[in-house]
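Colleague: Could you walk me through this one, please? I would like to go from the surface to the inside.

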Amino acid sequence: MQAFVVYPEVKSKVPVVILIHEIFGLSDWAKEMADELAAQGFMVIAPDLLSGFGPNGGGSSEFASQDSAVKAVSGLDPDGVNADLDAAADYAKKIPAGNGKIAVAGFCWGGGKSFAYAAHRKDLSAAFVFYGPGPADVSTIAAPVYGFYGGNDARIGATLPDAREQMKTAGKTFDPVVYDGAGHGFMRAGEAPDANDANRKARNDAWERWKHLLDQAQ
């Protein structure tokens, strides 16, 4: 499996964030997010979950179009995704510059996978879900889960009440925030030159919240 790994410029050992890409694969935008997160003092591993599934055995960069990458990501086996994330997390725990703590974060398709990974992996310090649905079974989740959702995202928003209820019933920590007026994918849309005010504000507010929560999880 290939991965994009970014180190912060710091002297001390730091936590590692496993960053799960959108349905578009390991795009330049996902790498940009990894760079931005590393600039805040965290090590980031962004695995290419299309490794070996692309043309000629390649990964995300080998697909001829975004549509073909989306189709391939949509067809990934959930157990295989968790196995690849385990490989990334196991690698993260052995990096000499890491302090042994691992968090997971994902966007869109990756947001749902980060929630599901929290139910799979017991040694996470936190899971950050950006506009992704929860898994069918939350009973095995050990880490606190923090959600970031757009107020104008009916498709994912419709899953939020059930996720809240399941997590509450199971006695798990789930802290979702809904950003008024923001649409699906506001972390990407909010940085565009023509971004609307709601998406831009949601991105900025979500960044500040995310950094604060990561600092707390160190």
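Colleague: Which residues form a nonpolar patch on the surface?

Modeller: Please keep in mind that this is a predicted model. The patch is formed by Val5, Tyr7 and Tyr91, which together have about 290 Å² of accessible area.

Colleague: Where is tyrosine 91 found, and is it buried or partly exposed?

Modeller: Tyrosine 91 is found in helix 3, which covers residues 78-94, and tyrosine 91 counts as partly exposed because its relative accessibility is 45%, which falls between the cut-offs of 20% for buried and 50% for exposed.

Colleague: Now the inside: which residues of the largest nonpolar core touch the most other members?

Modeller: That core has 40 residues, and the ones that touch the most other members are Ile18, Trp109, Phe115, Ile141, Val145 and Phe174. There is also a second, separate core of 34 residues, which includes Met33, Tyr179, Ala182 and Trp207.

Colleague: And what does isoleucine 18 touch?

Modeller: Leaving aside residues up to four places away in sequence, isoleucine 18 touches a list of residues that includes Ile45, Pro47, Leu85 and Val104.

Colleague: What about proline 55, where does it lie?

Modeller: Proline 55 lies in the loop between strand 3 (43-47) and helix 2 (66-74), and with a relative accessible area of 36% proline 55 is partly exposed. Not counting residues up to four places away in sequence, proline 55 touches Glu62 and Phe63.

Technical notes: Residues are numbered from 1 along each chain as its sequence is written. This is a predicted model: local features need pLDDT of at least 70, side-chain atom pairs count only at pLDDT 80 or more; totals for chains, interfaces and linings use all residues. Side-chain values use heavy atoms; hydrogens and water are left out. A nonpolar core is a set of buried Ala, Val, Leu, Ile, Met, Phe, Trp, Tyr and Cys residues joined through side-chain atoms within 4.5 Å. Buried means under 20% relative accessible area, exposed over 50%, partly exposed in between (1.4 Å probe, protein chains only). Contact means heavy atoms within 4.5 Å. Patches are made of residues with over 30% relative accessible area and no salt bridge: like charges are joined within 9 Å, nonpolar side chains (Val, Leu, Ile, Met, Phe, Trp, Tyr) within 5 Å. Accessible areas come from the Shrake-Rupley method with a 1.4 Å probe; for residues, only the protein chains shown count as cover. A salt bridge is a side-chain nitrogen of Lys or Arg within 4 Å of a carboxyl oxygen of Asp or Glu. Helices (H or I, at least four residues) and strands (E, at least two) are DSSP runs, numbered from the N terminus.
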